[in-house]
Amino acid sequence: MGITFDQGTRTFHLQAKDTSYVFQATPSGYLVHLFWGKKVRPADLSYLARAGAVGRAFSPGPVCEEGMPFSLDTTPLEYPSFGTSDLRAPAFHVQQPNGATASELTVRAHELVPGKPALTGLPATYVEDDAEAETLTVDLVDPLSNLAVQLTYTVYRDFDAITRSARLVNHSAEPLVLHRALSASVDFSHADFELLHLSGAWARERHIERRPLAPGCQSVESRRGASSHQQNPFVALLEKGATEDHGDVYGFSLVYSGNFVAQAEVDQFQTTRVSMGINPFDFAWYLEPGESFQTPEVVLVYSAQGLGDMSRTYHRLYRTRLCRGTFRDRARPVLINNWEATYFNFDAEVLERIARTAQALGIELFVLDDGWFGRRNDDRSSLGDWVVNREKLPDGFAGLGERITGTGMQFGLWFEPEMVSPDSDLYRAHPDWCIHVPGRRRTPGRNQLILDFSRAEVCDAVIDMVSQILTDAPITYVKWDMNRHMTEVGSATLPPERQRELAHRHILGVYRVMDEITRRFPHVLFESCSGGGGRFDPGILHYMPQTWTSDDTDAVCRLKIQYGTSVVYPASAMGAHVSAVPNHQVGRVTSLEMRGHVAMSGNFGYEMDLSTLSEGEKERVREQVRLYKEIRPLVQQGDMYRLKSPFEGNEAAWMFVSEDRREAVVFWFRVLAQPNAPLGTLKLKGLDPNLDYGLVDTRHVYGGDVLMNAGIALPLHKGDFQSAMWRFRAG
Ligand code: DGJ
């Protein structure tokens with residue numbers, strides 16, 4: 001690992017674990033991208049840029065450099081400008097006092113530091129020891145406008161990951177307006193790639209989409225004020241035909257929870273430019289003299305061994321150097337949540353019954369979901385009034401807390417702190433505290449409005465309200481929900497020229513509130529949620545190490561949702577619960593066994609009234625909980641290998657392997673039964689070929705080589721919704 005700078009060729013060579021990323025300052029100071037891929041020794045790679053490729057029609061130029069003409073439009077660049085001859089998508093777009101938006105960056109200086117400095121006000125990956133990473137900052141400037149851009153790159157010693165971000169500073173005497181300020185831009189010399197992204201909807205999050213690149217711009221983005229269910233802030237370029245285990249893969253993951261764009265532009269010469277950052281749509285940032293703007297971080301991961309290897313790098317990095325706090329490395333409790341059991345209709349007796357039954361089956365944490373506060377008997381009121389509803393819970397949290405903890409369970413609570421119901425005391429007292437545009441309708445979403453977190457006093461009030469309850473009640477877990485997207489985007493306090501800063505300022509406020517509350521209550525495990533997985537992004541994971549993956553708890557739907565989510569996010573980040581059948585979202589009846597196996601592939605829990613189960617079913621639940629506690633370290637801390645994709649057929653399979661490769665657990669699922677189906681085998685991955693593994697339960701011994709090259713025999717059960725689990729341990 002390390003970053004070197006060759007004075008002679010002015011080349012920066014960044015080496016992460018097994019990755020090289022190389023760029024060069026030309027004699028005139030343009031920062032030219034040369035290479036990103038498998039590790040190479042430091043060398044002069046300037047020939048790769050073909051900067052002399054002029055004479056290409058309609059590429060403006062030449063720009064003359066030491067007598068050698070070239071066009072910026074045909075040059076791979078690290079942070080491309082607009083309006084000075086590169087006609088592809090720029091990384092930034094700045095309006096100057098004379099109204100012009102042309103700019104041109106050249107390098108001034110650079111600095112290398114050990115470790116990884118934090119990004120002010122923004123979540124980011126981090127190091128625990130400076131020896132884990134090295135950071136380079138390259139200073140560029142547009143001499144005419146005096147806009148400076150600091151590009152920051154961190155390489156990790158133990159991961160094939162390089163992080164990038166940019167800081168834009170106004171060194172002029174007059175205001176500048178940023179219309180676009182992306183985090184990173186990477187140029188590739190060809191377009192023989194497929195683009196992979198994670199798209200969906202509420203209850204259908206992060207389905208894998210994969211398609212060949214085509215000339216023009218292909219992008220995924222959010223304009224919804226949140227990262228969203230609809231698109232995840234992640235894209236990957238895959239070498240054509242790359243698989244789980246083979247081929248070059250380049251991942252781009254944005255550590256951000258608001259409006260974003262990720263785009264791949266294939267230009268006239270079949271080169272590809274990937275750009276990622278805050279969505280420029282409806283964004284403008286007024287930069288006073290001396291002020292700076294920090295972009296969020298992009299985490300670039302390269303793998304020469306396919307998508308699976310890329311995912312495992314993200315999993316390990318995000319599990320250990322993005323998530324933080326007491327629960328980062330701790331076993332996450334098996335929980336029971338009352339939402340699908342009762343919805344808003346509960347009292348203390350009902351909750352205690354659910355908790356008692358669950359406790360007797362080995363479950364560790366009881367979570368009280370929506371409906372405990374204000375006059376909240378449906379979703380039409382009370383968000384913002386975080387005061388316990390004494391009609392439902394006459395003894396308040398003191399009484400309920402005693403009842404729950406008295407059963408031997410930990411006690412967890414649902415909040416939706418970023419929202420306000422128009423029918424609430426908070427709204428009646430502060431009607432201007434929500435995001436709105438004066439004179440326009442305030443469009444409700446799920447009967448609620450969004451509190452304006454660009455305002456410090458709103459954030460402070462929310463911090464106080466949540467802190468009060470976490471101080472008074474014996475709470476060790478919080479489910480932090482967020483159930484609508486932005487409309488009428490405006491703030492009562494921002495001046496007109498800063499109104500388009502609101503969406504980003506709001507997210508900065510969300511981060512401040514999350515940072516403050518999670519630091520104040522380090523003993524509390526926080527699980528984020530946004531109508532299920534609408535904000536399953538690295539930004540939120542920095543503060544809250546797990547997320548409710550989807551409101552769709554159907555085991556079949558969850559195969560695709562959890563498989564797609566695993567492209568970037570580790571199983572330790574995914575909440576996964578067994579719910580009742582017929583399933584409340586899709587009406588499907590699946591076996592308790594399959595529901596258990598799907599949910600055991602994440603942070604396991606139940607979301608149903610277990611007291612309604614037969615004694616036989618309860619016994620199977622007890623067994624599931626017992627089993628999960630045994631495999632929990634593997635699922636939550638192990639390496640995940642995807643074996644069969646639910647997007648490609650009737651089956652799905654994945655496995656988790658311990659770091660020392662001595663233990664593994666394998667899950668297999670078949671959705672529909674087929675007559676005369678082939679006798680299937682399943683080849684495992686990630687094991688040590690030289691070790692012998694005993695199948696826990698039967699003690700049958702298999703060589704690791706046999707398990708990976710010949711595979712295990714799949715069951716021949718009849719019936720839809722089949723699943724199986726195998727556990728292997730090296731002798
Ligand atoms: C949406 C969440 O995703 C659900 O799990 C539940 O907490 C409801 N909100 C409560 O309103």
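## A covered strand

Let's start with strand E2, residues 11-15, which is mostly covered, with 5 of its 5 residues buried (buried means under 20% relative accessible area with a 1.4 Å probe, protein chains only; strands are DSSP runs of at least two residues, numbered from the N terminus). Thr 11, His 13 and Gln 15 point one way from E2, while Phe 12 and Leu 14 point the other way. In a regular strand, side chains alternate between the two faces of the sheet.

This is a predicted model, where local features need pLDDT of at least 70, side-chain atom pairs count only at pLDDT 80 or more, and totals for chains, interfaces and linings use all residues. Residues are numbered from 1 along each chain as its sequence is written, and side-chain values use heavy atoms, leaving out hydrogens and water.

## Partners of E2

Strand E1 (residues 2-6) pairs with E2 in the antiparallel sense over 5 bridges (pairing requires at least two DSSP bridges between the strands). Here Thr 4 has His 13 as its bridge partner. The two strands form a hairpin with 4 residues between them, and Arg 10 in the turn has a positive phi of about 55°.

E2 also runs antiparallel to strand E3 (residues 19-25), joined to it by 5 bridges.

Now to the ligand: a polar side-chain atom of Asp 481 lies 2.7 Å from one of its nitrogen atoms, and a backbone N or O atom of Gly 532 lies 2.8 Å from a ligand oxygen atom. The protein buries 98% of the 300 Å² that the ligand exposes when taken alone (areas by the Shrake-Rupley method with a 1.4 Å probe).

Terms used: Buried < 20%, exposed > 50% of the residue type's maximum accessible area, 1.4 Å probe, protein only. Polar contact = N/O pair within 3.5 Å; in protein donor to acceptor, adjacent residues only side chain to side chain.
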